[in-house]
Amino acid sequence: MLPEIRKAYLDGRTMLFLGAGASVGCVDPAGTELPMASDLAKELSSDMGWSYSDEPLSTVYSAINATNSARLQSYIRRRLTNSRPSAALSDIASFPWPRVYTLNIDDCFENAARKTSQQKLEIYFRNSPLEELDPIFHTLQLIKLNGSADKPEDGFIFSPQEYGEGSRRIPVWYKELAQNYSSYTFLFIGSRLHEPLLQHALAEMRSTLRRSPLRGYVVTPTATDIEKHHLEGLNLQHISGGIQDFASWMRQEFTGKLTGWDLAVARRPELRNIGQTLTDKQKRALNSVILVSSESLPRTSVSEETGKIRDFYRGFKPKWVDILDDIPANITFIGNFIKTIEQHGGELSG
């Protein structure tokens with residue numbers, strides 16, 4: 001791996017993104033390895049008694065979902081839950097992370113985190129209400145973007161129809177991922193980033209935020225020259241390897257026991273000494289304080305988004321330009337309604 005990845009991690013500025021390759025080596029309760037996409041498509045076809053001719057998982061899933069959705073949900077729940085994570089995934093989960101995104105619907109990472117992580121695990125799904133990052137890294141947020149095998153009734157993002165619906169109305173956590181992507185160093189493990197909805201969300205981030213992502217890294221066993229050039233266009237560098245290679249690198253590079261507070265104070269060094277006598281609640285509050293200076297504020301209060309619905313109203317954090325523009329705005333009819341109540345409250349109650 002690279003020294004840049006080590007530095008970004010120790011600075012508390014790294015997020016993990018897991019694709020199908022991260023579940024390699026994980027097994028189901030019977031000890032059978034969890035299937036990758038093509039294997040799952042073959043298994044689902046066999047369960048239905050259909051002949052399989054190398055159709056993609058999205059096509060197989062869509063066909064079965066239209067024919068017998070209850071049977072499909074039952075098979076996925078049985079096959080992809082109560083898993084036993086690989087040693088590599090357990091090692092990675094033992095290190096503190098601010099947030100982990102995953103495209104996988106199995107429960108490998110959460111089982112690994114419950115077993116080895118020093119952090120409190122919190123799980124979110126693509127349409128769950130947004131939650132702030134824990135500034136002291138006491139909590140590990142796992143975001144399951146494409147659904148969860150233990151909640152098949154909530155649906156997955158597998159079929160072309162589901163990708164289309166997601167692109168029409170991008171789920172809130174996909175939007176949050178896109179915003180994080182412009183502020184954190186991302187490590188993509190086991191994903192070639194071919195997922196349409198993911199690409200759509202990242203493309204929208206680049207066009208709306210007008211901000212290039214930080215340098216990120218994609219860890220997969222192989223990549224063609226064309227794929228590497230494509231990744232470079234996204235400011236991503238390909239690293240040859242798998243989940244086992246990344247876990248071995250982490251064990252080698254970080255030999256001491258790292259805590260969430262170590263990463264928190266790496267982002268705010270001034271807290272290192274004063275934080276020793278504080279409670280977790282006090283640390284969290286102190287580490288959430290933002291230092292404001294003339295350099296950190298916009299040079300003008302005139303927003304480039306004049307006339308548009310602000311991201312704040314869609315559930316995202318306010319920007320400084322929102323604050324300077326007096327967002328949230330005063331709504332006239334609500335103000336008039338309040339005045340009416342105040343002026344005529346006695347008459348109305350009578």
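Which residues are buried in helix α1 (residues 3-10)?

**About the model.** This is a predicted model, in which local features need pLDDT of at least 70, side-chain atom pairs count only at pLDDT 80 or more, and totals for chains, interfaces and linings use all residues. Residues are numbered from 1 along each chain as its sequence is written, and side-chain values use heavy atoms, with hydrogens and water left out.

**View 1. The buried side of helix α1.** Ile-5, Ala-8 and Tyr-9 are the buried residues of α1. Buried means under 20% relative accessible area, exposed over 50%, and partly exposed in between (1.4 Å probe, protein chains only). Helices (H or I, at least four residues) and strands (E, at least two) are DSSP runs, numbered from the N terminus. Seen down the axis of α1, the buried residues fall within an arc of 100°, so they line one face of the helix. The arc is that of the directions from the helix axis to the C-beta atoms.

**View 2. What surrounds α1.** The buried residues of α1 pack against the strands β1 (14-18), β5 (185-189), β6 (216-220) and β7. They also pack against the helices α10 (243-253) and α11 (260-267). Contact here means heavy atoms within 4.5 Å. Pro-3 and Lys-7 are exposed, on the face of α1 turned away from its buried side. Gly-12 follows α1 and has a positive phi, near 70°.

**View 3. Cys-26 and Cys-108.** A disulfide is a pair of cysteine sulfur atoms within 2.5 Å. By this rule, the model has zero disulfides. Cys-26 is in none, and its nearest cysteine sulfur, that of Cys-108, is 3.5 Å away. Cys-26 is buried, with a relative accessible area of 0%. Cys-108 is buried, also with a relative accessible area of 0%.

**View 4. Asp-54 in a loop.** Asp-54 lies between α2 (37-48) and α3 (57-80). Its phi is positive, near 65°, in a residue other than glycine. Is Asp-54 buried or exposed? Asp-54 is exposed, with a relative accessible area of 67%.

**View 5. Asn-235 in a loop.** Asn-235 sits in the loop between α9 (225-233) and β7 (236-240). Asn-235 is not a glycine, yet has a positive phi of about 60°. This residue is partly exposed, with a relative accessible area of 27%.
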